[in-house]
Amino acid sequence: MFNASKAIIRFENSFFLQLRDNGNNIPYPNRWAFFGGRLFLNEEPKAGLIREINEELSFSPQYPKEFYRWYNAETNTLIIFFLVELSNEESFNNINEGQSGKWFKRNDLDLIPISTDVDAVKDLL
């Protein structure tokens, strides 16, 4: 089994999501997902989250709080979700992974193609 950390980046009622690459070599291509990724062996989930977000967004999340744990049977991965609350709507100009990033209102999550990680927690948001 793999472990992964994902960031639920939130400002008020909006969430910043990543449009995953459109390649058949990754799970859930061309779908909107939370930023984050797999942990290294023996890496703490919060440390892995900070590393992943720094790599993907050139951003260091302040005070991420563990929010939820969910097992994805399709990818054999335990996903640890962290809530990253922002005090303003960041523009995130340096997106280093995926096709793009975008802010979505909670209601929009039912209207766009989302990955299973977003689907697993959207009703909890």
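**Exercise 1.** What percentage of the 125 residues of the protein count as buried? Describe also the overall build of the protein.

*Solution.* The structure is a predicted model, and in it 46% of the 125 residues count as buried, where buried stands for under 20% relative accessible area. Turning to the elements, we find two helices and seven strands, which follow one another from the N terminus in the order β-β-β-β-α-β-β-β-α. The radius of gyration is 13 Å, close to the 14 Å that the globule rule gives for 125 residues, so the protein is as compact as a globular protein of that length. Along the principal axes, the C-alpha atoms fill a box of roughly 35 × 30 × 30 Å.

**Exercise 2.** Which strands pair with strand S6, and in which sense, parallel or antiparallel?

*Solution.* Begin with strand S1 (residues 2–11), which runs parallel to S6 and is joined to it by nine bridges; within this pairing, Ile 8 has Leu 83 of S6 as its bridge partner. Next take strand S5 (residues 65–72), which pairs with S6 in the antiparallel sense over seven bridges, and here Arg 69 has Ile 80 of S6 as its bridge partner. S5 and S6 also form a hairpin with four residues between them, and Asn 76 in the turn has a positive phi of about 55°.

**Exercise 3.** Why can strand S6 be called largely enclosed by the rest of the structure?

*Solution.* Strand S6 covers residues 77–85, and eight of its nine residues are buried, so the strand is largely enclosed by the rest of the structure.

Methods. Residues numbered from 1 in each chain as written. Predicted model: local features only at pLDDT ≥ 70, side-chain atom pairs only at ≥ 80, totals over all residues. Heavy atoms only, no water. Rg over C-alpha atoms; globule rule 2.2 N^0.38 Å. Buried < 20%, exposed > 50% of the residue type's maximum accessible area, 1.4 Å probe, protein only. Pairing = 2+ DSSP bridges.
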